[in-house]
Amino acid sequence: MYLLVGLGNPGPQYAGNRHNIGFMAIDEIARQHHFGPWRRKFQGEISEGQIGPNKVLLLKPTTFMNESGRAVSEACRFYKIAPQDVYVYHDELDLSPGKVKAKLGGGVAGHNGLRSTGAHIGNDFHRIRLGIGHPGRERVTQWVLGDFAKADREWLEPTLDALAYTASSLIENDLGRFMTDFNQRLAPPVNGHKKARSKSASADGAPSPSAKKAASGSADKQNGGAESARSAQAAEPPRNAMAEALKRLVTRDKDE
């Protein structure tokens, strides 16, 4: 069995915090892979299911971030899960928003949830680092305990979707393949070439305000060109009409 852990703080007042992106990732994995109902156990909330042929336990500790390791260690002891089969999703200040990196082992980089987990099961567990950006040293606490802005949906929703979609690659212990699959999910290749995600479209596919403005400007330019062409056509009579007018003038002169 594999254990996938999302780090965060319990309670509705923290639900939208940047610090809770780990919870959000686990929730999306549960949704996409049709896991069972959530229930309280191991000082947290757990859900059981399968990802491919593998049995997986999802865990969201409810001990608050600083004591996350207590819940993780209880689940590991009960199911006899080795640290190498534990995957912890957590927020990462030192990565730009939407950037994701995965590694086995390493330090805690000042993250209290990782520090607690390492203190209880050792450091040989996988970290899935989910970038939220760094606001500057003076604003760190306010930043991580602040909610994601509406504009963040443009990268947050596709990132969570890609994390859930590629969970099977992750637990097969091939981090290189996981990162490749993750990046391709965000920007799938087209005809052998990687298609970049459009910066001028929102996450739901609707054009962004800048895209609308650009489209409007392009349309105005096209309309302006069409109007100029029509004006030029109106100013210059059709050749047939000019010939008829000249013919009538010659005929009138002969009659006179």
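## Exercises: reading a sheet and its cores

Across the sheet, Tyr 89 stands opposite Ile 128 in strand 7. The model is predicted: local features need pLDDT of at least 70 and side-chain atom pairs count only at pLDDT 80 or more, while totals for chains, interfaces and linings use all residues. Residues are numbered from 1 along each chain as its sequence is written, and side-chain values use heavy atoms, with hydrogens and water left out.

**Exercise 1. How many helices and strands does the protein chain have, and how much of it is buried?**

Step 1: Let's start with the elements. Helices (H or I, at least four residues) and strands (E, at least two) are DSSP runs, numbered from the N terminus. The protein chain has 9 helices and 9 strands.

Step 2: Now look at burial. A residue is buried under 20% relative accessible area, exposed over 50% and partly exposed in between, with a 1.4 Å probe and protein chains only. Of the 256 residues, 39% count as buried.

Step 3: Finish with the surface. Accessible areas come from the Shrake-Rupley method with a 1.4 Å probe, and for residues only the protein chains shown count as cover. The protein chain exposes about 14,600 Å², and carbon and sulfur atoms supply 51% of that area.

**Exercise 2. What is the order of the strands in the open sheet, and which strands stand at the edges?**

Step 1: Recall the rule for pairing: two strands pair if DSSP finds at least two bridges between them. The open sheet has 7 strands in the order 2-3-4-1-5-7-6, with mixed pairing.

Step 2: Strand 2 and strand 6 (100-104) are the edge strands, each with a single partner strand, so one side of each has no neighbour in the sheet.

Step 3: Neighbouring strands are turned by 30 degrees against each other on average, direction ignored. Such angles run from 0 to 180 degrees between N-to-C directions, and the axes are lines fitted to C-alpha atoms, for helices over the stretch in contact.

Step 4: Check a parallel pair. Strand 5 (residues 86-92) and strand 7 (residues 126-131) pair in the parallel sense over 6 bridges.

**Exercise 3. Which residues in the turns of the two hairpins have a positive phi?**

Step 1: Strand 2 (residues 39-41) and strand 3 (residues 44-51) run antiparallel, joined by 3 bridges. Within this pair, Arg 40 stands opposite Glu 45.

Step 2: The hairpin of strand 2 and strand 3 has 2 residues between the strands, and Phe 42 in the turn has a positive phi of about 55 degrees. Is Phe 42 buried or exposed? Phe 42 counts as buried because its relative accessibility is 8%.

Step 3: Strand 3 and strand 4 (residues 54-61) also run antiparallel, with 8 bridges; Glu 48 has Leu 57 as its bridge partner in strand 4. In the turn of this hairpin, Gly 52 has a positive phi of about 65 degrees.

Step 4: Compare a loop residue. His 34 lies in the loop between helix 1 (21-32) and strand 2, and its phi is near 55 degrees. At 70% relative accessibility, His 34 counts as exposed.

**Exercise 4. Which residues have the most contacts inside the largest nonpolar core?**

Step 1: A nonpolar core is a set of buried Ala, Val, Leu, Ile, Met, Phe, Trp, Tyr and Cys residues joined through side-chain atoms within 4.5 Å. The largest one has 34 residues, and Leu 4, Tyr 89 and Leu 163 have the most contacts inside it.

Step 2: Apart from that core lies another, of 19 residues, including Leu 3, Leu 59, Ala 71 and Cys 76.

Step 3: Follow Leu 163. Contact means heavy atoms within 4.5 Å. Not counting residues up to four places away in sequence, Leu 163 touches Ala 25, Tyr 89, Val 100, Ile 128, Leu 130, Phe 178 and Phe 182.

**Exercise 5. What do the buried residues of helix 2 pack against?**

Step 1: Helix 2 (residues 68-79) has 12 residues and reaches 17 Å from its first C-alpha to its last, close to the expected 16 Å. That expected span is 1.5 Å times one less than the number of residues.

Step 2: Among its buried residues are Ala 71, Val 72 and Cys 76. The buried residues pack against strand 1, strand 4, strand 5 and helix 3 (112-121).

Step 3: After helix 2 comes Lys 80, with a positive phi near 55 degrees.
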